[in-house]
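Welcome to this guided tour. Open your viewer, keep the selection tool handy, and follow along stop by stop.

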Amino acid sequence: MIETIIDGVDFGPLAVLPGTWKGEKGMDIAPEEDGSKEENPFSEEILFEIVGDVTNAGKQTLGVVRYHQKVYRKTDGAQFHDQLGYWVWDPAAGTVMFTLTIPRAVSLVAGGDFDMGSMDDDAVSIAVASEDGGDWGVAQSPFMRENAKTTGFQINLEVDGDKMVYSQTTFLDIYGRKFDHTDNSTLVRVSP
Ligand code: HEM
């Protein structure tokens, strides 16, 4: 059974996240200018830290976890992706929210419903999505909007005890075509 209340704050399904997680089996598929795709196996580290509760407009009380993800290309060990953001739980609405910022000048807010009845012992499955111009939207620099536009994003994250699996798609409009930029990975919690 997962304890969802930590220090008096309700983190809902996000209570499974805190800790340092490492993965060695990631796969990134990214667009190439010549119309082909680039496949990069990766290793990564994600640090999830409890922020606590946040109250909005005197009405909404949220449980917040901050994350920092660092991704390394397997072939040369170089870091080739860096991402910051928050996972946020709104217990009254039953909504999970997710934000990301990447150093290409792209940020987004994603959201999704979560049914607390679906939590099974140590296992949780969370899905959130974002769409440019939608309720859960994308913000990006004028250059990115014109040259490498993020039109949407979705992530499915499953945690079972100390194992995490995620699958995400960043929907791009780049080099005059639509491209599904995907990342899949499996991680283990190496410290709480
Ligand atoms: C594990 C996560 C990710 C990895 C490893 C990754 C890696 C890559 C790689 C290798 C490229 C090809 C261009 C380059 O070499 O720089 C690329 C392009 C791109 N990625 Fe990601 N990415 C990840 C997640 C994301 C996310 C979450 C977003 C935004 C929501 C994003 C947005 C973009 C954009 C806009 C491009 C096109 C830029 C270009 O190729 O000039 N990526 N990514």
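Strands here are DSSP runs (E, at least two residues), numbered from the N terminus. This is a predicted model, in which local features need pLDDT of at least 70 and side-chain atom pairs count only at pLDDT 80 or more, while totals for chains, interfaces and linings use all residues. Residues are numbered from 1 along each chain as its sequence is written, and side-chain values use heavy atoms, with hydrogens and water left out.

**Stop one: the ligand**

Select the ligand and look at R104 and H181. The side chain of R104 has an N or O atom 3.0 Å from an oxygen atom of the ligand. For H181, a polar side-chain atom lies 2.8 Å from a nitrogen atom of the ligand.

Which strand gives the most to the shell around the ligand? Select β12, which gives the most, with 5 residues.

**Stop two: Q168**

Stay with β12 (residues 163–174) and pick out Q168, which is found there. Q168 counts as buried because its relative accessibility is 7%, and buried means under 20% relative accessible area (1.4 Å probe, protein chains only). Leaving aside residues up to four places away in sequence, Q168 touches F153, Q154, I155, H181, T182, D183 and N184; contact means heavy atoms within 4.5 Å.

Now select strand β3 (residues 19–31) and strand β4 (residues 37–56), which pair in the antiparallel sense over 11 bridges. Two strands pair if DSSP finds at least two bridges between them. The bridge partner of G19 in β4 is F48. In the hairpin of β3 and β4, with 5 residues between the strands, find G35, which takes a positive phi near 95°.

In the hairpin of β4 and β5, with 3 residues between the strands, A57 takes a positive phi near 55°. Return to F48: opposite it in β5 stands Y67.

**Stop four: Y67**

Is Y67 buried or exposed? Y67 is buried, with a relative accessible area of 3%. Show its side chain together with Q83, and you will find a polar contact of 2.9 Å joining the two side chains; a polar contact is a pair of N or O atoms within 3.5 Å, and within protein, one must be able to donate a hydrogen and the other to accept it, while residues adjacent in sequence count only if both atoms are side-chain atoms. Finally, show the backbone oxygen of T99, which lies 2.8 Å from a polar atom of the side chain of Y67.

Definitions and conventions: Helices (H or I, at least four residues) and strands (E, at least two) are DSSP runs, numbered from the N terminus. Buried means under 20% relative accessible area, exposed over 50%, partly exposed in between (1.4 Å probe, protein chains only).
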